[in-house]
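Student: I have a new structure open and would like a guide through it. Could we take it piece by piece?

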Amino acid sequence: MKLKIMAEAAAEFYQLPDLQVRRKPEHTQVKKARHICQWIACEAGYNRSAVAKFWGMDRTSIYYGCQMVNNRLDTDSSEKRELEELMELIRKRLTVKRGS
């Protein structure tokens, strides 16, 4: 499942245990990783319902997470670079899984 690969890649990128990313976190870095994963999934064409189901959340939470990422991307150029690096890692992971 591509959503799982995205979550695993984000956990690796942010140096977080995979399961910690999927649980409802209190830690800001975990929330950020989760929001970015949700944003990437929505940008990749997944509907919010599918993303919400994967993360064990409702669609409004996914919408909120995506808005948070959009706001950071609009105001912080380092966020854009970070997102590009994570997306490259996800692309590599998806290519490896597809080629296996």
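Predicted model: local features only at pLDDT ≥ 70, side-chain atom pairs only at ≥ 80, totals over all residues.

Student: Where is Gln38 found?

Tutor: Gln38 is found in helix α3.

Student: And what does Gln38 touch, leaving out residues up to four places away in sequence?

Tutor: Gln38 touches Val51, Trp55, Met57, Ser61, Ile62, Gly65 and Cys66.

Student: Let me pick Gly65 from that list. Which helix is Gly65 in?

Tutor: Gly65 belongs to helix α5, which covers residues 59–75.

Student: Is Gly65 buried or exposed?

Tutor: Gly65 is buried, because its relative accessibility is 0%. Apart from neighbours within four places in sequence, Gly65 is in contact with His35 and Gln38.

Student: How many Å separate Gly65 and Gly45, C-alpha to C-alpha?

Tutor: The two C-alpha atoms, of Gly65 and Gly45, are 16 Å apart in space, and the residues are 20 apart in sequence.

Student: Back to the helices, then. At what angle do α3 and α5 pack?

Tutor: Helix α3, residues 28–43, packs against α5 at about 95°, and the axes are 8 Å apart. The two helices are therefore roughly perpendicular to each other.

Student: Which residues in α3 and α5 meet?

Tutor: On the α3 side they are Lys32, His35, Ile36, Gln38, Trp39 and Cys42. On the α5 side they are Ser61, Ile62, Tyr64, Gly65, Cys66, Met68, Val69, Asn70, Arg72 and Leu73. By class, this contact of α3 with α5 has nine nonpolar, five polar and two charged residues.

Student: What about α4 and α5: at what angle do their axes cross?

Tutor: The axes of α4, residues 48–55, and α5 cross at roughly 100° and come within 8 Å. At that angle α4 is roughly perpendicular to α5. The contact of α4 with α5 has four nonpolar, one polar and two charged residues by class.

Student: Which residues of α4 and α5 meet there?

Tutor: Arg48, Ser49, Val51 and Ala52 in α4 meet Arg59, Ile62 and Tyr63 in α5.

Student: I noticed some cysteines. How many disulfides does the count come to?

Tutor: The count comes to zero disulfides. Cys37 is in no disulfide, and the nearest cysteine sulfur, that of Cys66, is 11 Å away.

Student: Are Cys37 and Cys66 buried or exposed?

Tutor: Cys37 counts as buried because its relative accessibility is 2%. Cys66 is buried as well, with a relative accessible area of 4%.

Student: Let us change topic to α1. How many residues has it, and how far does it reach?

Tutor: Helix α1 has 12 residues and reaches 16 Å from its first C-alpha to its last, close to the 16 Å expected at 1.5 Å a residue.

Student: Which residues in α1 are buried?

Tutor: The buried residues in α1 are Leu3, Ile5, Met6, Ala7, Ala9, Ala10 and Ala11.

Student: One more residue, please. Where is Arg91 placed?

Tutor: Arg91 is in helix α6, which covers residues 77–99. Arg91 is partly exposed, with a relative accessible area of 45%.

Student: And how many Å separate the C-alpha atoms of Arg91 and Asn70?

Tutor: The C-alpha atoms of Arg91 and Asn70 are separated by 21 Å, and the residues are 21 apart along the chain.

Technical notes
Residues numbered from 1 in each chain as written. Heavy atoms only, no water. Disulfide = S-S within 2.5 Å. Buried < 20%, exposed > 50% of the residue type's maximum accessible area, 1.4 Å probe, protein only. Helix = DSSP H or I, 4+ residues; strand = E, 2+ residues; numbered from the N terminus. Contact = heavy atoms within 4.5 Å. Axes fitted to C-alpha atoms, helices over the stretch in contact; angles between N-to-C directions. Parallel < 35°, antiparallel > 145°, perpendicular 65-115°, else oblique. Nonpolar A, V, L, I, M, F, W, Y, C, P; charged D, E, K, R; others polar. Expected span 1.5 Å × (residues − 1).
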